[in-house]
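User: I'd like to learn how to read aromatic ring pairs in a protein model. Could you walk me through it?

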Amino acid sequence: MTTEGCTNVVTDPSLQSVADTLKCFLDKDLLEPQFYPDPVVFRASLEKLNKDDIELKKTLTSNKATLRVLAPYLKTIYTDQKRIIETARIQRATKTKDVKLIYDKKSMDVFRAIPDVMEKFEVIIAIHETADVLKALIKANNVVSYMVNSEKAELYQNPRHIVSSTSKLTSKIEQGTTIAAYSAFTKDYVMSDSVFADGRFPLGLGYETSIIKYAMCVPIKTPDDKLIAVYELTRDAHDSAFTKKDLQIVLAVTTWMGVSITQNELYNSLMSEQDLTNHLLHITDLYHCEYADVDKTLSDVAMLAREVVGAERCNLYVVDKESKGALIVEEYDQGPDNQELFKRRTKKTVESDGSVLSKVLFNKQTVKTHQPNLEVVPEGELVVRSLLCVPIICDKTVIGAIQMINKRTEIEFDMKDEEMLEKFSTFCAININHSKTHNRLYKSELQNKVKLEMALYHLKPCVHEQEAMNTSRNNVTGPDQFFTFGWSPRPENLPKVAELTMCLFQEVFGNKFMKSYNVPKFILTVQKCYRPNPYHNFLHAFYATHTMANILIRNQSFFSEIERRALMVAALCHDVDHPGSSNIFIRMKKHHLSELYSSSPLENHHFAVASLIIDQSNLFKNLKSDVYDVLLQEIYNNIIATDVTLYFQSMNELRQSVEKGTFTFQDPSSRRLVMNFIMLACSLSDQTKPLPLGKKIADRIHEELFRLGDVESLTGNELLPCMDRDEIDMIPEERIQFFSVVVLPCVQVVSNIFSAFVAIEENVKVLLEQWKELVLTKDQDMWKPQESYKS
């Protein structure tokens, strides 16, 4: 081989390896370079680059031609960054506030959904027993405990031995009736020395009696002024009137009771909420983490809803499909053991006939009714006194319904029951939707496996080509001047590009590597995965690999073995399966790659294909798993570095590192920057060939862009200037701008590190002058891109 301009470096044994942190578990020979060059010379040479970069920045922001040529590479950036930042802050604050509000509302809804404290039998007993204590303390002849139904604004007498609401004697909370109703209405105590003669309550006690004369009513209120009950204490006419001391005793006791009931209510609410949350979380964990059977999960949710709402029976309906204006639903009904729901074998057809289920499924309407003998369940065992049916909605579409029958302790279902059931319907919707999504995902995974098997089969290299490569890999030699930066393949070399690529690998890694690893199969598979694009094809990958190999064989000791392997593989695969479009075009068209990868979608795709080929060809089958993971990460970083939009970021980081004096070749971040520039320089190396070859390569680049423009013009979309065939005369000027802003600075960075790369730098300068001369002479006859491309 020819060694042109090998870099002279000073070896410093005291310098630490880049992979110091990995020595404990990775192979030292693979990860550690043999020496590090002195960065002082490099820092000095970068001072000039920094000055040039300032001029380039001015050109970049003021020259329209520069912006035009960079349009396919640069992301859209708003100039008013302050406004964007402020907008982001507002949005972030708004989102945070919304989350908090949602959480608070949810908490309150759960709290309100807990059954009312007065429906708890133990609380009613406590109120009655306290009434007896008060009666004895103040020597009253009689005491009546009135419970409060705040929703209906009613008082009712509920003797301690009766729990059923059907036995309650009710009266409205209003003025102008009884003393108890008056006290409940005002939420204040009332004392009367002649209860039947007091004009504030014409009905007195609400019943006729000639014995009772003195009355005192005191409400039981919680600290938040919620009315719980009213005590009505009376004395006969021959007794004395109630005194202020009697009132103080009753007020003290009722105040204490209000606080105690509140604490009890809060405790029960929290415990109920905790139990409910734990149960729902358990169910959620089942169908999100372990993926339990959907029928079992739906049954658990529905049966839990039945217990919380307090219904005697529940049913669940899941829409299967629509047929001729009717809905075919799967019906879940309670089994004979009353412990879970079972899916009926026969599906039910629901017509839009105004029935309860049709109103819910077709009109998204919640149905709540307590008409007696409304309907009878199919078994004919249970008479429906009250019914509550709520739709299960997902993405504004009704996918089912959950139905409760007969409230156990009430005549009908109330608003709290409806709110609670709506919450459970949401869990059912999540479960049903998750089940459908899981099934679709599972089928998609199976389909992807079938497609992958088919793709891998057809990606296998031709057996004869692989045998020929295996036979000749020990004898393959490159053409004259093959290991120089200036060599380019001639027409007679093009059919043997794969063999020449293998020759590059052998020169960089040696015969031992070629015998240990399946390089021929890898190269042939990569070749098959490159599309026949005008520019981003296997020939472009070969140019990049050829330049990379020439760097590595002249600077073997600068790189670790892992770095050399990663750079060579990345150079060959950096544009594999390129679709012939740019990242900005892919985002603009909302291609699935832009949805799959948030940044550098094409480069991420190239790595994904490369890693698949590496795995299928068993290229590094002898590496330990931990070393293999490091190698893949290096390959990924190298391929991502070929995204031109990241070049300016890397240049800025390099400049800052040099200015701060932190740049050293031992520092992993500094080495990463160096390899980023090497990768981009190799990717651009075919564009640095002098005319007329450089002109042909430019034709291929723009033909690829023009093809994108042809597609866009058919759809009537506005074209970027670089994609418009009518702007063909602007190509020389665009080449000048691109070389000045991107190619030349990038090449200069690499040539300042590796002196042999100066040959490429000189090529770029010569080519840049040739493009300028074309513009100055207006030699339009020489510029015929279509003919150049065809040749």
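This is a predicted model: local features need pLDDT of at least 70, side-chain atom pairs count only at pLDDT 80 or more; totals for chains, interfaces and linings use all residues.

User: What describes a pair of aromatic rings?

Analyst: You look at the distance of the centres and the angle of the planes. Over 60 degrees between the planes counts as edge-to-face. The planes of Tyr647 and Phe677 are at 85 degrees, with the ring centres 6.2 Å apart, so this pair is edge-to-face. Tyr647 is in helix H21 (residues 647–659) and Phe677 in helix H22 (residues 668–684), so the two are 30 residues apart and the pair links distant parts of the chain.

User: How many aromatic pairs are there?

Analyst: The count is 19 aromatic pairs. Take Phe607 and Tyr636: their centres are 5.1 Å apart, the planes make 80 degrees, and the pair is edge-to-face. Phe607 belongs to helix H19 (residues 601–616) and Tyr636 to helix H20 (residues 625–640), so this pair ties together parts 29 residues apart in sequence.

User: Which relative accessibility does Phe607 have, and what does it count as?

Analyst: Phe607 has 16% and counts as buried, because the cut-off is under 20%. Tyr636, at 26%, is partly exposed.

User: Which residues form one aromatic cluster?

Analyst: Phe505, Phe509, Phe513, Tyr517 and Phe620 make up one aromatic cluster.

User: And what lies over the face of Phe558?

Analyst: That's Arg671, at 4.9 Å from the ring centre.

Technical notes. Residues are numbered from 1 along each chain as its sequence is written. Side-chain values use heavy atoms; hydrogens and water are left out. Rings of Phe, Tyr and Trp (its six-membered ring) pair if their centres lie within 6.5 Å; planes under 30 degrees apart count as stacked, over 60 as edge-to-face and the rest as tilted. Helices (H or I, at least four residues) and strands (E, at least two) are DSSP runs, numbered from the N terminus. Buried means under 20% relative accessible area, exposed over 50%, partly exposed in between (1.4 Å probe, protein chains only). A charge sits over a ring if NZ of Lys or CZ of Arg is within 6 Å of the ring centre and within 35 degrees of the ring normal.
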